[in-house]
Amino acid sequence: MIEIYFRTDGNSIIATGHIMRCLTIARACVKRNAKVKFIVSDQESLALIQEHFAFLQEFEVLCLHSDYTNLMPEIPVLSALAIQKCCKPWIFVDSYYATPDYLLSLRDSFRVAYLDDLREFDCPVDLVINYDTDEDCAYYAKADQRLLGLRYTPLREQFANTAYTVRPAVKDVLLSTGGTDPYAVAEHLLCSVYGGTSLTQDIRPLQSLHYHILTSSANIRYDILSAYAQKHPNIHIHKGITDVVSLMASCDLAVCAGGTTLCELCAVGVPTISYLMAENQRTAVNTYASLGLIPYAGDIRTATTPCHTSCTETHEFLPLVNPDAISAILSFMTYMSQDVSKRQKSSQSMRAFLNGDGAGQIACALVP
């Protein structure tokens, strides 16, 4: 039986994306009869990964009690895991803090797979995966095997062949602003909708819609969001849910940060607008925009002038964001709400583009 160790982390700083995509690939590997374990740095990562298990103790998790930003000191501990194995197990690394030296050191004891989306260095590994780059990218010369392009996006199994209906009227909007939402985009949008806005557009039609915020316990502003939801019954907070596809399918529009969730929304067919909040998301948002599938509102981080430094509804100070991006998102929600034919065309194009079998193809490379 092939053994695979998934080495990843997630917390309030680096968010939950690494954990979520590793869980997806791990489940696909289990279906191919692999033995899977997870390795994380600290208790925060341990709690986050367990929060997203499909059932209690779905995977064994080893916590190193180490610094997630400095991976080299963990090499002796990891190497000890591979001792006395009849063949080298796989270690699947998904961390922005991995270095070429770290990956090379692991190859002494493991077959190494690395999920990369930064392209900061050529990867000296047995297998490299980058679904945010071109399929014919020649950048990874040191990798023995390469899985490149959007078709390797590791969507969860539930996103295959999802039923979705474009309804005549828009009633529900998904705000998928990342597990941590470091720029408080959900709050910026809701404050604009409910508290009045200095932006030059009429957003009153948006006040009757229901807003579904997809977040996690790593969101340091979770209590503020909860209090906001108590004040406005049209705001619904979803934390730690496993059936994300049903939530997406129940929504008529979506606002989403760049990343894997864009691919999920594409597979479901929810008309969506994206924004950027980290450099590793740039390829995804630009690709979907250039293909005419998901419009791009802009880089949320480029705050040239203050935009809602405090919310008139909650009286909370918010991080500065790019006001043009907020305006573009509100405009998208407004004009798409008024045109069912545009929503139908958008949904059909998105669903035709992505088939959702990326995790299965990655699992096939790990477990032939």
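This is a predicted model: local features need pLDDT of at least 70, side-chain atom pairs count only at pLDDT 80 or more; totals for chains, interfaces and linings use all residues.
Q: Which residue of β5 stands opposite F92?
A: Strand β4 pairs with strand β5 (residues 111-115) in the parallel sense, and four bridges hold that pairing. Opposite F92, the residue found in β5 is A113.

Q: How many of the five residues of strand β4 (residues 90-94) are buried?
A: On one side of β4 lie W90, F92 and D94, on the other I91 and V93, and both faces are covered, with all of these residues buried. Strand β4 is largely enclosed by the rest of the structure, because its buried residues number five of the five.

Q: What is the order of the strands in the open sheet of seven strands?
A: The edge strands are β3 (60-63) and β7 (145-148), each of which pairs on one side only. Neighbouring strands of this sheet are turned by 20 degrees against each other on average, direction ignored. With parallel pairing, the order of the seven strands is β3-β2-β1-β4-β5-β6-β7.

Q: Which residue of β3 is the bridge partner of F38?
A: Strand β2 (residues 35-40) runs parallel to β3, and the two are joined by four bridges. In β3, the bridge partner of F38 is V61.

Q: What angle does the direction of helix α2 make with that of β3?
A: Helix α2 (residues 43-51) packs on the sheet, where the strands touched are β2 and β3. Between the direction of α2 and that of β3, the angle is about 165 degrees.

Q: Are the planes of the aromatic pair F6 and F38 stacked or edge-to-face?
A: The ring centres are 5.3 Å apart and the planes make 20 degrees, and the pair is stacked.

Q: Which residues form one aromatic cluster with F6 and F38?
A: By the ring-centre criterion, the count in this model comes to eleven aromatic pairs. Together with F6 and F38, the residues that form one aromatic cluster are F53, F59 and F92.

Q: Is the pair of F332 and Y335 stacked or edge-to-face?
A: Both residues lie in helix α10 (residues 323-337), three residues apart, about one turn of the helix. F332 is buried, with a relative accessible area of 2%, whereas Y335 is partly exposed, with a relative accessible area of 37%. The ring centres are 5.9 Å apart and the planes stand at 80 degrees, so the pair is edge-to-face.

Q: Which residue of β11 is the bridge partner of V173?
A: Strand β11 (residues 253-257) is largely enclosed by the rest of the structure, because five of its five residues are buried. L253, V255 and A257 point one way from β11, while A254 and C256 point the other way. Strand β8 (residues 172-176) runs parallel to β11, joined by four bridges, and in β11 the bridge partner of V173 is L253.

Q: Which residue of β12 stands opposite V255?
A: Four bridges join β11 to strand β12 (residues 272-276), and these strands run parallel. The residue of β12 that stands opposite V255 is I273.

Q: How many disulfides does the count come to?
A: A pair of cysteine sulfur atoms must lie within 2.5 Å to be a disulfide. For C22, which is in no disulfide, the nearest cysteine sulfur is that of C29, 10 Å away, and for C256, also in no disulfide, the nearest is that of C263, 9.2 Å away. The count of disulfides comes to zero.

Q: Which elements do the buried residues of α6 pack against?
A: In helix α6 (residues 222-231), the residues I224, L225, Y228 and A229 are buried. Seen down the axis of α6, these buried residues fall within an arc of 140 degrees, so they line one face of the helix. On the other side of α6, D223 and Q230 are exposed. The buried residues pack against α5 (185-195), β9 (210-215) and β10 (235-239).

Conventions. Residues are numbered from 1 along each chain as its sequence is written. Side-chain values use heavy atoms; hydrogens and water are left out. Buried means under 20% relative accessible area, exposed over 50%, partly exposed in between (1.4 Å probe, protein chains only). The arc is that of the directions from the helix axis to the C-beta atoms. Contact means heavy atoms within 4.5 Å. Two strands pair if DSSP finds at least two bridges between them. Axes are lines fitted to C-alpha atoms, for helices over the stretch in contact, and angles run from 0 to 180 degrees between N-to-C directions. Rings of Phe, Tyr and Trp (its six-membered ring) pair if their centres lie within 6.5 Å; planes under 30 degrees apart count as stacked, over 60 as edge-to-face and the rest as tilted.
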